[in-house]
Amino acid sequence: MLCRALDLWRGDPLAEIADIAELAPELARLDEMRSELTETAADALRSVGEHRRAAALLTPLCRRHPYREGAVRSLVRALHDDGRTADALDAIRHLRQALRDDLGLDPGPETLALESELLEPVPVTATVRTPPPPEARELVGRTVEVGVLEQVWRVGENNPAGALLIGPSGIGKTALVEQLLTRHDAHARRFIGRAGDSGSAFGGIAELFGDGHAGGEIPTAADIAANVWTDINERGRSVLVLDDLQWLDTDSARVLARVIAGLGRIPVTVLATCRDATAEPVTIIGSALERHAPVTRLRVAELSSDEIRALIDARLADLGPSSQVDRDDLAAQALGNPMVARQLCDAAAIGAISDTDHPAQTMIAARFDELSKEASRLMAAIAVSGGELTDGVVAELAEPVGTRLIDELRRAGLVDNAGDGGIVVAHDAVREGIVARTSRTQRVEAHARLASAIQSARPDDLEAIAVHRVESAIDESSVALAIRACVLAAHRSVDASADHRALELARRGLTLPQPDADLAVDLRRIAGTAAIRTGEFDSARASFESAAAISRELGDWPALAETALLASPRGVAGYWSGFGIVQSDDSALAREALAHAESLAPEVAARLHATEAARLSVLGMSGAEDHLGAARVVYAGAAVDYEVALAEFLVNWEPTRLADRRKIARELYEMSAGNHDLRATAVHLQRVCALEAGDVRMARRLSAEFARLVGRGSGTDLDTMQLWWQVMLALLRGDYEVSTSLAEKFAATVGGLSERARLLGEASMATSASIQAWHRGELASMLPAFDTLAEEVDDDFALVIALGSAEAGNHDRALRLATELTADAHRWTGSRVVARVPLLIEALYSISLDAHHADGAREICRRIVHLVGDWSSGLIVQWPGLVCLGPAVMFRGTARIILGEDGTEDLREAIRLARDTGARPYELRARRRLGAVTAGTVPSADV
């Protein structure tokens, strides 16, 4: 039956519209359903001895999902059971190679264990990290808070719902959440935040949606969406608990926000607690939730005096202390905090004396001081680690006495079991109290011991090792260890697209003395690369310049050249690393490196020339062809071939050179095998060419492939580009509701961006809004915003000002701007032709409808008409593939009409092409224009 069900599948679901953002969760759910069904059917076949059929069933699944380790393991078992052990080992080898080449990862522990079993039957166990729910305490008071959370729960039955509980440590935020889940017998995915930032890249996402195995695969956005849909299908809703949200790593917060913002109106309930509502992760998640509905922000206040007294009475009754305890005094010291009240009761039960000004810290300090020397050292390590350690690390720290120390800490009420064999502080207030009690020397020693223990128990946890090495760096030897650890960890985070984490690790390393010039340069390069990907362009520039300064002082021109290349745009597929960096590019480093070309390897010089050619072409500056020619002369090697070909594509970004660019895009695709970012650029350029050619079907298929590439990573760079591609297609169709919704989705995820990046984001949003306003004849209303953008982002926004002014009847201003903008039109080439000419022609057409300004419009049109003479087919797509302005032939026909020539055939062709490609707004525009011309009328506005 399972096999018959699978036979009903034909190809990918909804392949022709798979690039529509709103369908992503459903597509992910369907794909996950198919994959799980395939694995289940294969397991069933294996159970009845049909090993060969199981292998045949799993082989295509593993080809579709080469990184799906569970499917590969099932295939390996089937092959092995069929007597094909060599093929089974070969499948693992292919998996390892794909993970390493494409993602920079190694197979997970279960896969390694299976391989070991095939080679020599010795089982390898994996450490499991499944954070248990905190024990739900009986609530005292909190009637209002319980009622508010119940209302959130009801809303979440059919819609997205979110509650953010804000308050100090120990006030009862977690207890309220856990009691809510207990009352409704609800299953939840949990993230439990820990102080400090020594967790692994995307650690929060792995905790919420991972498979529970240490070193397992990091879930992608598609994986997260599939998990959410699985929860909904199995339980009616998906519940995410984010406890101490302020400690969630920024990379995880951005990925989760991206998924939440795109899920639509489905039953997802997010219950978060935090101490600081302004913390960046809290802001990011809150903005994403508010895209669907307002987030309930609940400040958890102190208990009343009667409530805290009731809690104390109940606690003391459980403990059974002497009758001499002054309960009113305990209630006064508790200050309405339930956790403090319980700690005071515990202290009173053993006769401890508390400091009435700092009761909780005094109790914790007293317990800490009573520990044995070995136990206090272990407790200090647990505290500075963030409050939780796995069993392997604990074993390394506690040797040789082992469990005796852990039992001592448990008896003191300072730690609990973590549920995975490790230990965790009883409450974060305990961690804070211990850290406050320890000296600087004790903390340094604790960090050093942690670094060594993690190195032994979890050698792949490079991030944690780096953080603890930095915190324990006090002499030349420990500083060197710390810097090397930061370089290794930051490189891996960059490779995993954990860009915020990489930036943070690099900056940690840079706080230390830098005796090794190579490592100092490497850290600054990593910081610059990560900053580019997150839109921190000013920070990136400073980091790269700092790296170059070291190389400059040493006269190391090859190193400076490598830094210059890293500071250059990365293809065009990344929103920040491609489009964004050009808008904020400072090419001084590339020019400086080229000035020392005699000291550079020929391929390095070629790469520098290629990046300069691309930059100059995109910015509409002269010299691009010269640099491209120089690159062609000296390049050698496949990697350089790619970069030179990419520069050639950008230099030729004109409608008349579409055939050449399609050929280059195919070559780029062939050269990009094994490199995720290069492949993304190649696919993006292919879909741009397909759209320009009017082949919307092919553009959709290529966009689906691009979406799959986005799904393999967890960064925001490619995903943001994909979002704006969707906006462009929605505008092309005239689907303004979708384009607006997508732009708002982007706006919900820009919290924490640098000022320059925020301006770039605002420019994209304003461009989207202006195209919609232009289609509706309302562009004049947006002119103030474009005055600012023309001054601060790109002076080509003056084109929009000219068009808006012309349509508003301010022809003098529009003509003045058009005159200024076309002063150097005889030198325009490449992508700037596509960016400038269409809007100028539209502005000049509006101006020409006024008899008093028609001659001026014709004079300016003669400056640019030669640029559109061969625009006979296809659509206009502007660099970097985020704006489509309809049929190219419409602008040629309009230019002819301005000059008093016959442009009606061009307009008829524009109508046909717009109709065939679904470009409804441009079909209507061309029809109105053709009607006005054939009727011999002069309309007051062409809208």
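## Exercises on a predicted model

Leaving aside residues up to four places away in sequence, Ser-252 touches Phe-202, Gly-203, Gly-204 and Ile-205, where contact means heavy atoms within 4.5 Å. The model is predicted, so local features need pLDDT of at least 70 and side-chain atom pairs count only at pLDDT 80 or more, while totals for chains, interfaces and linings use all residues. Residues are numbered from 1 along each chain as its sequence is written, and side-chain values use heavy atoms, with hydrogens and water left out.

**Exercise 1.** Describe the setting of Ser-252 and find the polar contact that joins its side chain to that of Asp-249.

*Solution.* Begin with the location: Ser-252 lies in helix H11 (residues 250–262), a helix being a DSSP run of H or I with at least four residues, and a strand a run of E with at least two, both numbered from the N terminus. Next, take the accessibility: Ser-252 has a relative accessible area of 1% and is therefore buried (buried means under 20%, exposed over 50%, partly exposed in between, with a 1.4 Å probe and protein chains only). Finally, look at the side chain, which makes a polar contact of 2.8 Å with the side chain of Asp-249 and reaches the backbone nitrogen of Gly-204 at 3.4 Å. A polar contact is a pair of N or O atoms within 3.5 Å; within protein, one must be able to donate a hydrogen and the other to accept it, and residues adjacent in sequence count only if both atoms are side-chain atoms.

**Exercise 2.** Classify the aromatic pair formed by Trp-774 and Tyr-922.

*Solution.* First, recall the rule: rings of Phe, Tyr and Trp (its six-membered ring) pair if their centres lie within 6.5 Å, and planes under 30 degrees apart count as stacked, over 60 as edge-to-face and the rest as tilted. By this rule the count comes to 2 aromatic pairs. One of them joins Phe-649 and Trp-653, whose centres are 5.6 Å apart and whose planes stand at 85°, so this pair is edge-to-face. Trp-774 and Tyr-922 also form an edge-to-face pair, at 6.0 Å centre to centre and 65° between the planes. Trp-774 is buried, with a relative accessible area of 3%, and Tyr-922 counts as buried at 0%.
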